[in-house]
Amino acid sequence: MDVKAAAKAVKQGDIAPVYLLYGTEKYQMNEFVSFLTEHAVSESERDFALVHYDLADTPLQQVIEEAEMVPFMVPRKLILVQDASVFTAGKDQGKVEHRPESLLEYMKNPAEYSVLVFIVNQEKLDERKKIVKAVKTGGTLLSFMPLGSEDLLKWIVKKAKEQGCTLEESAAEAVIRNAGTQLQTLAAEIDKLCLYAGKGGTIRPDIVDELIARSTEQNVFALVEDIANLRVDRALSIFYELLKQKEEPIKIAALIARQFRIILQVKDLAGQSYSQQQIASQLGLHPYAVKIAGEQARKFQAAQLKQILSRLGTLDYQMKTGAIDKVLGLELFLLRLAA
C-alpha cells in the first residue's frame, strides 16, 4: 500500500492495528503521523491516548504489553515507537534486549483498542526478518523516500496552492535552486513566500530570488550550472558574492570539485542505463539533484570532467601550500573553464 491509499483508508475510518513507517523523508513521515493522530484519537483525549516509546531504551516486549493493556479513560490509544531498528539489517548495538517474537505473537491477534506505529528513519528494512513479513501481512507498511524531481515540483506548487497563492512553474524551480530539496526547509520558505504574496497572489522567480537567500552549497550549485552553460560572468558574480560573505576559497573549490565529481558519476551511471531513482540511491543524492547533474553532464565529455577534476586537485594543492593566491587561483580556474 502507498501513502495516499493509506491516508484515504484512515480518513474513511479504516485504521490498521500496526503501521511500520520507514524511509529518509522525515517531513512526510511526520505529516502522516500527525494525520493519523488527528483521525485516530480526538484532541480532548490525547493526554491519555498518545503514548511514546523509544526502542533505544525500552524493550519491544514492553511496548507490546502497553498495546495489550486496556486504555484508561479513552476508547483507543495510539502508541508511537521511535528508533525501531529491530526491523533493519545489521546487529542491534543497543544495550536493550528485544524479543521480536513478542510482536509476532501480538500480530496474530492485535488489540482492537490500540494502534501501534513503528518509525524507522532508514532507507531499507530487512525483509528477511519475520517481524517485517508479519507487519507486511497483517499491518500496513509505508515507505517515505525523497520525491522524484517532477513530484517535488508538483509538491511545491500544491503547498503554495493550499495557502491560497499561485507559484509559477519557473518560480518552483527557483525555490529548489535557492533553498535545496529538504521538504522541511521548502515548507518554511513557501510559508514565507505566500505570506509576502498574500491570498490570491502570484509568486514569480524574481520574488523567490529576493526572499530566499541561497546557502553556500546552493550558490556553488548555481555557479557550476552557469559554468556548464558558459555564463562565466554570472559564475564570477556568484564567486565574488561568496567572497563578500567571507567564504573560504579552499572550501568553495572543494564544493565545486564535489559537484563536478557528481556530474561525472551521474554521467557514468546513466551510460550504464541506471534510472534517475537508481542513481540517486547509489550516490545518496536527491533525485532532483541527479536530474540537474544529468542535464549538466550532457554538456561535457567524460574526459573533460576528469581533466577539470584533475585541475581542481592541482589547484587545491597550490592553494594549501601557498604556491598561488587562493582568490586569483580560483578566478583563473573559472576563466579557463569558459575559454
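# Questions on a predicted model

Reader: Leaving aside neighbours within four places in sequence, which residues is Ser 149 in contact with?
Author: Residues are numbered from 1 along each chain as its sequence is written, and side-chain values use heavy atoms, with hydrogens and water left out. The model is predicted: local features need pLDDT of at least 70 and side-chain atom pairs count only at pLDDT 80 or more, while totals for chains, interfaces and linings use all residues. Contact means heavy atoms within 4.5 Å. With neighbours up to four places away in sequence left out, the contacts of Ser 149 are Gln 276, Pro 287, Tyr 288 and Lys 291.

Reader: Is Ser 149 buried or exposed?
Author: Buried means under 20% relative accessible area, exposed over 50%, and partly exposed in between, with a 1.4 Å probe and protein chains only. The relative accessibility of Ser 149 is 6%, so this residue counts as buried.

Reader: In which helix does Ser 149 lie?
Author: Helices (H or I, at least four residues) and strands (E, at least two) are DSSP runs, numbered from the N terminus. By that numbering, the helix that holds Ser 149 is H7.

Reader: How many residues does H7 have, and what does it reach from its first C-alpha to its last?
Author: The expected span of a helix is 1.5 Å times one less than its number of residues. H7 covers residues 149-162, and its reach is close to the expected 20 Å. The count is 14 residues, and the reach is 20 Å.

Reader: Which residues of H7 are buried, and around what arc?
Author: The buried residues of H7 are Ser 149, Leu 152, Leu 153, Trp 155, Ile 156, Lys 159 and Ala 160. They are on the same side of H7 because of the arc they cover around the axis. The arc is that of the directions from the helix axis to the C-beta atoms. Its value here is only 155°.

Reader: Which exposed residues does the face of H7 turned away from its buried side carry?
Author: The buried residues of H7 pack against H2 (26-40), S6 (166-167), H8 (169-179), H9 (183-197), H14 (276-283) and H15 (287-297). On the face turned away from that buried side, the exposed residues are Lys 154, Lys 158, Lys 161 and Glu 162.

Reader: At what angle do the axes of H7 and H8 cross?
Author: Axes are lines fitted to C-alpha atoms, for helices over the stretch in contact, and angles run from 0 to 180 degrees between N-to-C directions. The axes of H7 and H8 come within 9 Å and cross at roughly 105°. That makes H7 roughly perpendicular to H8, where angles under 35 degrees count as roughly parallel, over 145 as roughly antiparallel, 65 to 115 as roughly perpendicular and the rest as oblique. The crossing angle is roughly 105°.

Reader: Which residues of H7 and H8 make the contact?
Author: H8 contributes Ala 172, Glu 173, Val 175 and Ile 176. H7 contributes Leu 152, Leu 153, Ile 156 and Val 157.

Reader: At what angle do H13 and H15 pack?
Author: The axes of H13 and H15 are 8 Å apart. Gln 259, Ile 262, Ile 263, Val 266 and Lys 267 in H13 meet Val 290, Ala 293, Gly 294, Gln 296 and Ala 297 in H15. The two helices are roughly perpendicular to each other, at an angle of about 80°.

Reader: Where is Ser 273 found, and what is its phi?
Author: Ser 273 is in the loop between H13 and H14, and at 65% relative accessibility it counts as exposed. Most residues other than glycine have a negative phi. Ser 273 is not a glycine, yet its phi is positive, about 70°.
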